Amino acid sequence: MYIMKLKNIIPFVFVTLIFGLNGCYDEKMEWGDPYTHPAAAELPLQLQEAISRYDALKTYTDFKLGVGIDFNLYTNNEEYRNLVNENFDEIVAGNEMKQSSLMNSSGVLNFDNVDKTFDQLKSANLTVYGHVLVWHTQQQASYLNSLIAPTIIPGTPDESLVDGSFENGMAGWAAAYYKENYSIVSNDAVDGTQSLQVIIPSDATGGKYDGHGQLNSPDFSIIKGHHYQISFWIKGSAPGEVTIDFPNGNLGNQYPYVNGAEFAPVGTTWTQVIYNTETVGGDSPVMIATTDDNAMHVRLLLASVPNVTYLIDAIEITDLDAAPVMSEASLKSRGVLRSGPTTIEKTPEEKAAILEPVLVKYITDVVTHFSTSAKYKGMVPAWEVVNEPMNDNGSGLKTGVGATLDGDDFYWQDYLGKDYAVIAFKAARAADPDAKLFINDYNLESTNSAKLDGLIDYVRYIESQGATVDGIATQLHLNINWSDTTGIKTMFQKLAATGKLIKVSELDVAISSDSNGSSSPANPVSPTLDQFASQAELYRYVADIYTKIIPANQRYSITVWSVSDNENEHEYWLKNDAPCLWNADYARKHAYKGFADGLAGKDVSSEFSGELKY
């Protein structure tokens with residue numbers, strides 16, 4: 001700790017200028033760790049002193065100031081939590097309030113983990129901007145797709161040697177162990193109305209063969225030299241695996257292989273698994289009877305993935321050589337189904353009729369829990385109802401048609417059409433009439449304003465259909481190497497002209513020229529002081545121009561995206577960059593000063609005088 005007397009701190013502009021006067025400031029900082037960013041002590045002394053004298057950020061503005069946070073860090077990292085509590089009025093959950101986090105693969109909502117952080121936020125008097133109700137990614141896509149999956153009618157090979165329909169109960173099928181895991185259910189079936197449910201419990205830790213999912217068939221007779229086929233339909237509440245074996249060894253290899261793999265994958269929609277002479281592999285034929293046997297049985301082995309519920313239906317074991325006469329074509333196709341399954345696709349109208357109430361219920365349940373429940377009433381005064389709807393060229397809505405989809409991608413607009421946002425805004429309004437409802441998108445600051453114009457037109461359309469959009473949010477992921485202040489200014493002018501509430505929803509300023517959109521630089525950046533000054537100036541500009549152009553009654557909030565440059569906050573976003581207001585050690589950066597000056601509309605440090613204490 002030391003004391004230095006200063007009558008006046010050098011004004012911001014002059015401090016920026018001195019960087020070019022001292023050659024050592026032009027050299028890149030040496031980083032042993034890509035996240036050990038330059039600390040405040042490495043800045044010019046006058047700038048250090050100025051930054052240290054600034055108050056908390058929220059003291060420099062009369063509109064909401066927000067920050068995107070990681071709920072786990074907020075709960076467990078005291079220093080991180082204190083920075084959030086001291087500097088901001090509002091938080092945004094980075095991921096925890098998205099559908100894939102709140103909903104499981106069976107469509108069941110669970111708020112327990114989020115509620116723990118909400119309780120802390122409530123104690124800190126912080127509000128929450130609800131991010132996000134409807135998006136095209138981070139959805140529970142496996143569940144949604146299962147609702148609109150085709151109806152499948154099983155194939156009809158020769159008469160099955162066993163009853164695997166489960167319409168007559170277990171019908172001789174028996175659990176090898178853990179009988180309590182098995183039951184007949186009537187809520188989901190392929191053939192008829194009933195199927196077999198096998199619940200793999202949470203303590204199933206023995207791997208694929210630990211016994212929780214071993215199902216023995218009834219005994220049946222086989223004929224030496226005949227070819228046999230075993231088929232069944234299966235699905236899981238989460239991805240799993242399945243195989244079969246022959247406990248008394250009279251159908252060849254003990255563990256047949258399907259397309260070279262011992263275990264066949266099990267998805268979350270009904271899929272048929274077939275074992276026959278053409279789909280298996282190994283050292284010898286595996287589906288040709290090696291002996292006559294009048295007491296043969298087969299065993300299904302379900303991989304014991306904890307907390308997975310399997311459904312099994314339409315198990316058939318057939319003798320492919322049992323027909324009295326076989327054609328040449330039948331001989332060539334020996335080992336395949338004589339007639340395949342029939343797939344009936346749902347019409348677009350049927351899919352829309354299924355999905356619309358699902359979307360409405362999801363929005364209703366989430367908004368009700370966080371906005372209007374007795375426990376959290378008023379904590380979420382605003383919701384991002386629809387996120388990133390527009391094509392980048394502004395030509396219309398995004399679509400997943402023809403695209404390669406990630407596992408959590410689900411484009412609601414491909415099923416509900418242009419009115420998907422109308423449905424969403426009406427549902428959110430009904431769930432909380434007092435909430436402010438926003439639509440949000442990125443790259444609206446582009447000098448080509450087609451996307452911005454398209455979004456504004458879409459808002460007009462939504463409202464023409466009877467819904468109300470309270471505000472428009474712009475993400476503003478910027479970069480010192482190419483972000484154009486002219487485009488930012490034009491964007492705010494057009495947004496202000498809508499008369500809507502305007503929010504900056506995800507503000508950050510990247511430094512690396514590799515950082516573009518959602519990408520991260522390939523290598524850790526080593527910013528110069530000039531680059532940090534440029535970053536500070538861009539933060540200042542955004543805050544300043546927002547307050548100058550957006551009328552006071554339309555300013556909702558500015559939210560910065562993430563607290564610091566610490567690697568814990570950048571596992572997936574701008575991983576090797578330095579885009580935030582605090583460095584990796586939670587020390588204020590030059591950007592902190594620039595952003596505060598922009599909020600205040602002046603160089604706050606120019607008024608500092610007197611004794612500084614450290």
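Let's start with a pair of helices: α14 passes α15 in a right-handed crossing. This is a predicted model, and in it the axes of α14 (residues 485-497) and α15 (residues 529-549) come within 10 Å and cross at roughly 25°. Angles under 35 degrees count as roughly parallel, so α14 runs roughly parallel to α15. On the α14 side, the residues that make the contact are Thr485, Ile488, Lys489, Phe492, Gln493 and Ala496. Facing them from α15 are Leu538, Tyr541, Val542, Ile545, Tyr546 and Ile549. Sorted by class, that contact has nine nonpolar, two polar and one charged residues.

Thr474 lies in β21, which covers residues 471-474. Although 18 residues separate Thr474 and Phe492 along the chain, their C-alpha atoms are 9.3 Å apart. Is Thr474 buried or exposed? Its relative accessible area is 0%, and the cut-off for buried is under 20%, so Thr474 counts as buried. Leaving aside residues up to four places away in sequence, Thr474 touches Met491, Phe492 and Leu495, and its other contacts include Asn440, Asp441, Leu444 and Glu445 as well as Lys503, Val504, Ser505 and Glu506.

Phe492 turns up again in the core. In soluble globular proteins, nonpolar side chains tend to be buried together. Here the largest nonpolar core has 103 residues, and the members that touch the most others are Trp383, Phe492 and Phe595. Which helix gives this core its largest share? That is α12, with nine residues. As for Trp383, its contacts beyond four places in sequence include Met97, Tyr129, Gly130 and Leu133, then Val366, Val367, Phe370 and Ser371, and finally Ala435, Lys436, Leu437 and Phe438. There is also a second, separate core of 37 residues, with Val162, Trp173, Ile312 and Ile315 among them.

Back to α12, then, and its helix partner α10. The axes of α10 (residues 348-372) and α12 (residues 420-431) come within 9 Å and cross at roughly 35°. Here too the crossing is right-handed. From α10, the contact takes in Glu356, Leu359, Val360, Ile363, Thr364, Val367, Thr368 and Thr372. Tyr420, Ile423, Ala424, Ala427, Ala428 and Ala431 make the contact from α12.

His131 and Val132 are joined by a cis peptide bond, with omega about 15°; Val132 sits in strand β4 (residues 127-134). Ala314 has a phi of about 55° and belongs to strand β17 (residues 308-319). Its relative accessibility is 5%, so Ala314 counts as buried. Asn443, with a phi of about 60°, is in the loop between β20 (436-441) and α13 (450-464). At a relative accessible area of 34%, Asn443 is partly exposed.

Now zoom out. The protein has 16 helices and 25 strands, and 53% of its 614 residues count as buried. Among contacts with a separation of 6 or more, 79% are between residues 24 or more positions apart.

Definitions and conventions:
Residues numbered from 1 in each chain as written. Predicted model: local features only at pLDDT ≥ 70, side-chain atom pairs only at ≥ 80, totals over all residues. Heavy atoms only, no water. Axes fitted to C-alpha atoms, helices over the stretch in contact; angles between N-to-C directions. Helix = DSSP H or I, 4+ residues; strand = E, 2+ residues; numbered from the N terminus. Left-handed = near helix turned anticlockwise from the far one by under 90°. Contact = heavy atoms within 4.5 Å. Parallel < 35°, antiparallel > 145°, perpendicular 65-115°, else oblique. Nonpolar A, V, L, I, M, F, W, Y, C, P; charged D, E, K, R; others polar. Buried < 20%, exposed > 50% of the residue type's maximum accessible area, 1.4 Å probe, protein only. Core = buried A, V, L, I, M, F, W, Y, C linked by side-chain atoms within 4.5 Å.
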